[in-house]
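Open the model in your viewer and keep the selection tool at hand. This tour tells you what to pick next and what to look for.

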Amino acid sequence: MQLRRLGSIIVKELRQLRRDKLTFAMIIGIPTMQLVLFGYAINLDVRHLEAGVLDQANTARSRELVAALAATEVMKLDKQLQSPEQVDAALRVGEISAALIVPPDFETRLERPDRPAAQIVVDGSEQVIQAAARQLAAFPIYNNTGWTSRTAGIEVVNFYNPQRRAALNTVPGLVGVILTMTMVLFTAIALVRERERGNLEMLIATPVSPWELTIGKVLPFVGIGLVQVTIVLLLGKLLFDVPLRGSVLELYVSALVFIVASLSLGVFLSTLATSQFQAMQMAFFTFLPQILLSGFMFPYAGMPVVAQYVAEVLPLTHFLRLIRGIMLRGATLGELWHSLAALGVFIVIVLTFAVSRVRKRLD
Amino acid sequence: MNDDVAIHAQGLTKRFGTLTAVDNVNLTVRKREVYGFLGPNGSGKSTTIRMLCGLMRPTAGEIDVLGYKIPRDAEALKRRIGYMTQRFTLYEDLTVGENLDFLAAVHELSRAAARARIGELLERFRLADRRDQLAGTLSGGQKQRLALAGTVLHKPDLLFLDEPTSAVDPQSRREFWESLFELADMGTTLLVSSHYMDEAERCTRLAILDHGRVVADGTPHDLMANLPGRTLLVETAKPREAQRSLQGVQGIIAMAQIGTSLRVLAKAGADFERQVGERLKAAGVEAQVHPIAPNLEDVFVVATSNNKESSHAAA
């Protein structure tokens, strides 16, 4: 390893990157676009949800409750239902996403704080609706003593998805997903491009060592990865008010380790691919399991055991634990050390495979 | 190894699966020579060069380049050689100056030495006014000059040039060869592959490759002198008819129409001048037949038409 040579490779790489308008645009564009797109899916401010009403009491106070809930505009309580069977059917076909059920003994229940006075039945397969219903459950109910907010006022029953996942998980998760996509793809492509364009044939006839070349080409992407993390975090804060409860430094340390893990994977893929197109296909091949099994899309705890084992191998799984822990729960790296260690093991193993395959020959 | 020898290869062989790309090649290149590899596409020129530079490992054979055992000492050799391919392998999205800066750093030239050397090369290869132009926007000839400048930046003792002029016009080719001879004058040994006869003829020594074998080698002069009485010129008003009537004559290797005359290349031995004359007379074609001096194309055709026969002829 020779510093001047390494430096010249980094300078060359940055110059090329500056002139590659498309890649440059992707570096900024991918995080911004994804955040905005995903951002609207995590919008908790639900309005005009299609909902039904089954008012079995049909008293003055029950009608008052229906009117008061309708006034919040969270639910559109237009559809009048006649029986619990109708509620089931309407939910199943997706005609409504929630239903307010006022039992026949609503009046007596109101006087007894131990039992919920009414029920909101929710299509739990939609995260956002669940969250909205939970807000409504805290709605104060008028009884003889006036408007009160009782814990047992309205009961929320979750259909189809008993696990309540906080949608805010998406933004920290997105940091990981964006790094996975750009870091693996860009490095694999950048390294294969050198081979495809014939530059490598020129370089291997010079004293450049394969490691100077690989590290020199990969280092600029570490910086780019950190820029992307910053973009997502800033936009997440500005647009969606995502909290950062833990330490900023520890967050960046985790991101750095994860970036190195993703770059290692990219280097490894580049040793397998013979063309930029192949490198791209391979990169996408690694995205799918990472995005589906890491806990970004579906909760880890809900997956079958085999899928959980697979997830443990994926770097994104561990990074999501780190970043969610730090950002949402205010956890420290000391508490999350095993996830950090898992990333370290991943880096060592993948880099070892890559080293064994990087050769300075044409055959 | 003799101090005067730059490259020595013995029994050099490379197989890719069942294909033998280079087959038992023996080669000796002396220092300061401009040694040519002449051969059709797929004759093993590139593979041989790559093995000699240590970019590929031979399946069998011994290689000694500048006193280094290859492939064992390939890394040490790389500091003393330059390697240039037909394809432009510098970075098209870097400027002329940036490309040379990069290569200077790769070869560990100090910043001051690099500045001086790059300035000198830009002048010599007439690229000084192109310094800030992207390499991808240069013309074919300029790209070639830039590639050569990059290849000789670290003053290598030995240059491997794999079909360096395939992509440039005749004017640029001539200029390029002027640069090569300048380098040879300064003491550099050159190994150049080509499929152009005129280029091969300019080499001080030459090997003709066909199907991975060296089918002839020697100085261009000696190779041509080895074909006495075997090339005839048939001057006639009807060259196409003459060619038709000579079709099937035993011993004719090749015929080529050159303007209004016909060039006939024959195997060694028989008295072809008389035989051809009689055949034309019998066919009623009026023609004058006389022997002419063989050129390198004749040597090439003889050598590649029949490996066994020609290697004797050229020996």
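This is a predicted model: local features need pLDDT of at least 70, side-chain atom pairs count only at pLDDT 80 or more; totals for chains, interfaces and linings use all residues.

**Stop 1: chain B as a whole**

Select chain B and colour it by secondary structure. Along its principal axes, the C-alpha trace spans about 75 × 45 × 35 Å. Chain B has 315 residues, and 46% of them count as buried. Now think about contacts between residues at least 6 apart in sequence: in chain B, 68% of these join residues at least 24 apart.

**Stop 2: the six-stranded sheet**

Stay in chain B. Which order do the strands of the open six-stranded sheet follow? Read across and you get E6-E7-E8-E3-E9-E10, with mixed pairing. At the edges are strand E6 (81-84) and strand E10 (213-218) of chain B, and each pairs on one side only. Neighbouring strands here are turned by 15° against each other on average, direction ignored.

Zoom in on strand E7 (residues 158-162) and strand E8 (residues 189-194) of chain B. They pair in the parallel sense, over 5 bridges. Select B:Phe160, then look across to E8(B): B:Leu191 stands opposite.

Next, show helix H1 (residues 45-53) of chain B. H1(B) packs on this sheet and touches strand E3 (34-38), E6, E7, E8 and strand E9 (205-210) of chain B. Its direction makes about 155° with that of E7(B). H6(B) lies across E3, E7 and E8 of chain B, and runs at about 155° to E8(B).

**Stop 3: the four-stranded sheet**

Now pick out the open sheet with the order E2-E1-E4-E5 in chain B. Its 4 strands pair in the antiparallel sense. Strand E2 (19-30) and strand E5 (68-70) of chain B are the edges; each has a single partner strand, so one side of each is left without a neighbour in the sheet. On average, neighbouring strands of this sheet are turned by 20° against each other, direction ignored.

Look at strand E1 (residues 5-16) and strand E4 (residues 60-65) of chain B. They pair antiparallel over 5 bridges. B:His8 has B:Asp64 of E4(B) opposite. H1(B) turns up again here: it packs on this sheet, touching E1, E2, E4 and E5 of chain B. Its direction makes about 120° with that of E1(B).

**Stop 4: the core**

In soluble globular proteins, nonpolar side chains tend to be buried together. The largest nonpolar core in this model has 100 residues. Select B:Leu52, B:Ala149, B:Phe160, B:Leu191 and B:Ile208, which have the most contacts inside it. Helix H3 (residues 96-106) of chain B gives the most to this core, with 7 residues. A second, separate core has 56 residues, including A:Val192 and A:Leu265.

Click on B:Ala149. Beyond its neighbours within four places in sequence, it is in contact with B:Leu100, B:Leu121, B:Phe125 and B:Leu127.

Among the buried ones are B:Glu98, B:Asp101 and B:Phe102. The buried residues of H3(B) pack against H1 of chain A, together with helix H4 (111-124) and helix H5 (140-152) of chain B. Just after H3(B), B:Glu108 takes a positive phi of about 65°.

**Stop 5: where the chains meet**

Show both chains. Here 21 residues of chain A are in contact with 21 residues of chain B. On the chain A side, H1(A) gives the most, with 7 residues. By class, that side has 6 nonpolar, 6 polar and 9 charged residues.

**Stop 6: a strand in chain A**

Finish with strand E1 (residues 49-55) of chain A. Of its 7 residues, 6 are buried, so E1(A) is largely enclosed by the rest of the structure. E1(A) pairs in the parallel sense with strand E2 (residues 75-80) of chain A, over 4 bridges. There, A:Leu49 has A:Met75 as its bridge partner. Follow the chain from E1(A) through helix H3 (residues 60-71) of chain A to E2(A): this β-α-β crossover is right-handed. E1(A) also pairs in the parallel sense with strand E3 (residues 98-102) of chain A, over 5 bridges. In that pair, A:Gly52 stands opposite A:Ala99.

Notes
Residues are numbered from 1 along each chain as its sequence is written. Chains are lettered from A and ligands numbered from 1 in the order in which they are written. A nonpolar core is a set of buried Ala, Val, Leu, Ile, Met, Phe, Trp, Tyr and Cys residues joined through C-beta atoms within 7 Å. A residue is buried if 20 or more other C-beta atoms lie within 10 Å of its own, exposed if 12 or fewer, and partly exposed in between; C-beta atoms are placed from the backbone. Helices (H or I, at least four residues) and strands (E, at least two) are DSSP runs, numbered from the N terminus. Two residues are in contact if their C-beta atoms, placed from the backbone, lie within 7 Å. Two strands pair if DSSP finds at least two bridges between them. A crossover is right-handed if, with the strands pointing away from the viewer, the path from the first strand over the helix to the second runs clockwise. Ala, Val, Leu, Ile, Met, Phe, Trp, Tyr, Cys and Pro count as nonpolar, Asp, Glu, Lys and Arg as charged, and the others, Gly among them, as polar. Axes are lines fitted to C-alpha atoms, for helices over the stretch in contact, and angles run from 0 to 180 degrees between N-to-C directions.
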